[in-house]
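Q: I have just opened this entry and would like a guided look at it. Could we go through it step by step?

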Amino acid sequence: MDLGSVIIAVAGVAGTLGGSFLTQRASERAKRREIELLRGQEEVRENLLLRRTCYMELNRDARQFTTALNRHLHVMRERSVEETDSEALDEAKGAHRARYSEAQMIAPDEVLARASEVNQALNKVYGQVKRLERQEPEPGETVATAVQAQAEIWDMLRAMRTAMRHDLGVTAQG
């Protein structure tokens, strides 16, 4: 066997081994990209599930706080407010505050803007109710003005829910 044949044989073996090595490396890179893509898709699904759960709970708790304010205002017109009445209202307020705090960390700006409007309106009516209970209303505050302000929250809740549904891809933005 001459030197040229040996060189050709060595080059052939090296080429075969090198080709196998390069094919293996390319396969490993492709697998890593596939794993990264799957992780990215899983993160998107987890984020969507987290937002959906947060929105569902925020919508529920904001509606329950609104309803609790309505009930409390009815009580104020019909009889004296008892401790259990105040506790029920404060419990609804606390649940809403917890959900709103969570939404502040999760929701995009459009949803958060609507949730903030609802939160501010709920807290405004709650403040009116508490001042009326203490018989220390601000000028112009009456049970009737509190009832009107509470009733207006329902439209804000609908706008918040629409923004949430749009963010989740459930409905087109309107």
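Predicted model: local features only at pLDDT ≥ 70, side-chain atom pairs only at ≥ 80, totals over all residues.

A: Arg131 counts as buried, at 18% relative accessibility.

Q: What does the side chain of Arg131 meet in a salt bridge?

A: The side chain of Arg131 meets that of Glu138 in a salt bridge, with 3.8 Å from N to O. Glu138 is partly exposed, with a relative accessible area of 44%.

Q: How many salt bridges does the count come to?

A: The count comes to 13 salt bridges. In general, side chains of opposite charge can pair when their charged atoms come close.

Q: Is Asp61 buried or exposed?

A: Asp61 is buried, with a relative accessible area of 4%.

Q: Staying with helix α1, where does Thr66 lie, and is Thr66 buried or exposed?

A: Thr66 lies in helix α1 and is buried, at a relative accessible area of 0%. A polar atom of the Thr66 side chain lies 2.8 Å from the backbone oxygen of Ala62.

Q: Changing topic: how far apart are the end C-alpha atoms of helix α3?

A: They are 36 Å apart. Helix α3 (residues 109-133) has 25 residues, which at 1.5 Å a residue should span 36 Å, so the two values agree.

Q: What follows α3?

A: Gln135 follows α3, and its phi is positive, near 60 degrees. That is a positive value in a residue other than glycine. Gln135 is found in the loop between α3 and α4, and Gln135 is exposed, with a relative accessible area of 70%.

Q: And helix α4, what should its residues span?

A: Helix α4 (residues 143-168) has 26 residues, which should span 38 Å at 1.5 Å a residue. The end C-alpha atoms of α4 are 38 Å apart, which agrees.

Q: Which residues of α4 are buried?

A: The buried residues of α4 are Ala146, Ala149, Gln150, Ile153, Leu157, Met160, Ala163 and Met164. An α-helix has 3.6 residues a turn, so residues three or four places apart point the same way.

Q: Now the aromatic rings. What lies over the face of Tyr126?

A: Lys93 lies over the face of Tyr126, at 5.0 Å from the ring centre. The count of aromatic pairs comes to 1.

Q: Last topic: where is confidence lowest, and where is it highest?

A: Confidence in the protein chain is lowest in α1, at a mean of 78, and highest in α3, at 95. The protein chain averages a pLDDT of 85, and 83% of the residues score at least 70.

Definitions and conventions: Residues numbered from 1 in each chain as written. Heavy atoms only, no water. Salt bridge = Lys/Arg side-chain N within 4 Å of Asp/Glu carboxyl O. Buried < 20%, exposed > 50% of the residue type's maximum accessible area, 1.4 Å probe, protein only. Helix = DSSP H or I, 4+ residues; strand = E, 2+ residues; numbered from the N terminus. Expected span 1.5 Å × (residues − 1). Phe/Tyr/Trp six-rings, centres within 6.5 Å; stacked < 30°, edge-to-face > 60°. Lys NZ or Arg CZ within 6 Å of the ring centre and 35° of its normal. pLDDT = per-residue confidence, 0-100. Polar contact = N/O pair within 3.5 Å; in protein donor to acceptor, adjacent residues only side chain to side chain.
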